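Here is a report on two ligands and the place where they sit. Look at the structure first, then read on.

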Amino acid sequence: MLFEAFKKKKKDHEIDLSNLPRHIGVIMDGNGRWAKKRGLPRSAGHKAGAESLKKIVTEANELGVEYITVYAFSTENWKRPQAEVDYLMDLLMDYLINAEKTLAGENVRIRAIGSRAELSEEMRRQIKKTEELTKDRSGIVMNIALNYGGREELVHAARVIGAAVKNGGLEPESITEEDIEKSLYTAGQPDVDLLIRTSGEQRLSNFMLWQVSYAEMVFVNKLWPDFKPKDLIECIKIFQGRGRRFGGI
Ligand code: IPE
Ligand code: IPE
Ligand code: MG
């Protein structure tokens, strides 16, 4: 990018770069409705949604956001017709395979969060490969929530902690919030500061129940494939206009 263009870009967005959310969570909703409005199959909406995702991650990384978690497939999404589930899995597989090329310039570190046991052997292998290939990069950490459910994550944490108790390393009365935090898929990462959900729905749908405890929530009416980098900037501005108190005064 030319320096002039770079300067303009920085000036245009008018957000305070010293007060960025460290971790943004995104519930990417509305792909199906986007397709329906155009008389297209739902799959076309998911494809357009994947394009939207690339642009948003790039923008978040350029701004200097440290973590972004995107809800790609919930533990409840298996209820959808098999053809749609298969399409979503293929799309996610492509995303992981291409991540090295498409997101290389942006230096994105990719991780998958969620339960892997129900995923195909091929998908599990690809996740490992992509995580390994991108782990030493220096840019934003992108968590792809894939077969993810907030409740399942807490069950998983309970099992980890239960095993530590059983093995005698941990007394039940000494279990702390830190022990739970360390047993989540997002261990070591900061809590979500800003949660964005598109499509006008105002619910969590089982997304990051522990990590959003003090997140600022921004609900956007646009459908996910219509959500553009400038909309992300708008959400960050709204975040920066909020007074966070964390229970204090
Ligand atoms: C979000 O879009 C993508 C996934 C859940 C995978 P939807 O597919 O939920 O789109 P709507 O909500 O039906 O419009
Ligand atoms: C949440 O969207 C899951 C993802 C965005 C992956 P859904 O479309 O599945 O949520 P509900 O069913 O409207 O609550
Ligand atoms: Mg939906």
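A backbone N or O atom of Gly 30 comes to 3.3 Å from an oxygen atom of ligand 1. Keep in mind that the model is predicted.

**Ligand 1**

Arg 33 places a side-chain N or O atom 2.8 Å from an oxygen atom of ligand 1. For Arg 42, the distance from a side-chain N or O atom to an oxygen atom of ligand 1 is 2.9 Å. On its own, ligand 1 exposes 380 Å², and the protein buries 86% of that area.

Which residues are around ligand 1? The stretch Met 28, Asp 29, Gly 30, Asn 31, Gly 32 and Arg 33 is part of the list. Arg 42, His 46, Ala 72, Asn 77, Arg 80 and Leu 88 complete the shell. By class, three of these residues are nonpolar, five are polar and four are charged.

Two helices each supply at least two shell residues: H2, residues 31-37, and H3, residues 42-63. Helix H2 gives the most, with three residues.

**Ligand 2**

The shell around ligand 2 includes Ile 27, Met 28 and Asp 29. Tyr 71, Ala 72, Phe 73, Asn 77 and Arg 80 are also in it. Five of the shell residues are nonpolar, two are polar and four are charged. Strand S2, residues 67-74, provides the largest share of this shell, three residues.

Ser 205 has a side-chain N or O atom 2.6 Å from one. A polar side-chain atom of Asn 77 lies 2.9 Å from an oxygen atom of the ligand. For Arg 197, the corresponding distance is 3.4 Å. Taken alone, ligand 2 exposes 390 Å², of which the protein buries 77%.

| Ligand | Residue | Protein atom | Distance to a ligand oxygen |
|---|---|---|---|
| Ligand 1 | Gly 30 | backbone N or O | 3.3 Å |
| Ligand 1 | Arg 33 | side-chain N or O | 2.8 Å |
| Ligand 1 | Arg 42 | side-chain N or O | 2.9 Å |
| Ligand 2 | Asn 77 | polar side-chain atom | 2.9 Å |
| Ligand 2 | Arg 197 | polar side-chain atom | 3.4 Å |
| Ligand 2 | Ser 205 | side-chain N or O | 2.6 Å |

**The pocket**

Where does ligand 1 sit? Ligand 1 is in the largest pocket.

Elements H2, H3, S2 and helix H4, residues 82-102, each give two or more residues to the lining. By class, the lining has 14 nonpolar, eight polar and seven charged residues.

Definitions and conventions
Residues numbered from 1 in each chain as written. Chains lettered and ligands numbered in written order. Predicted model: local features only at pLDDT ≥ 70, side-chain atom pairs only at ≥ 80, totals over all residues. Heavy atoms only, no water. Near = heavy atom within 4 Å. Polar contact = N/O pair within 3.5 Å; in protein donor to acceptor, adjacent residues only side chain to side chain. Areas by Shrake-Rupley, 256 points an atom, 1.4 Å probe, with all protein chains shown as cover. 1 Å grid on protein atoms, 1.4 Å probe; cavity = no way out; pocket = protein on both sides within 12 Å on 5 of 7 lines; lining within 4 Å. Sits in = over half its atoms within 2 Å of the grid points. Helix = DSSP H or I, 4+ residues; strand = E, 2+ residues; numbered from the N terminus. Nonpolar A, V, L, I, M, F, W, Y, C, P; charged D, E, K, R; others polar.
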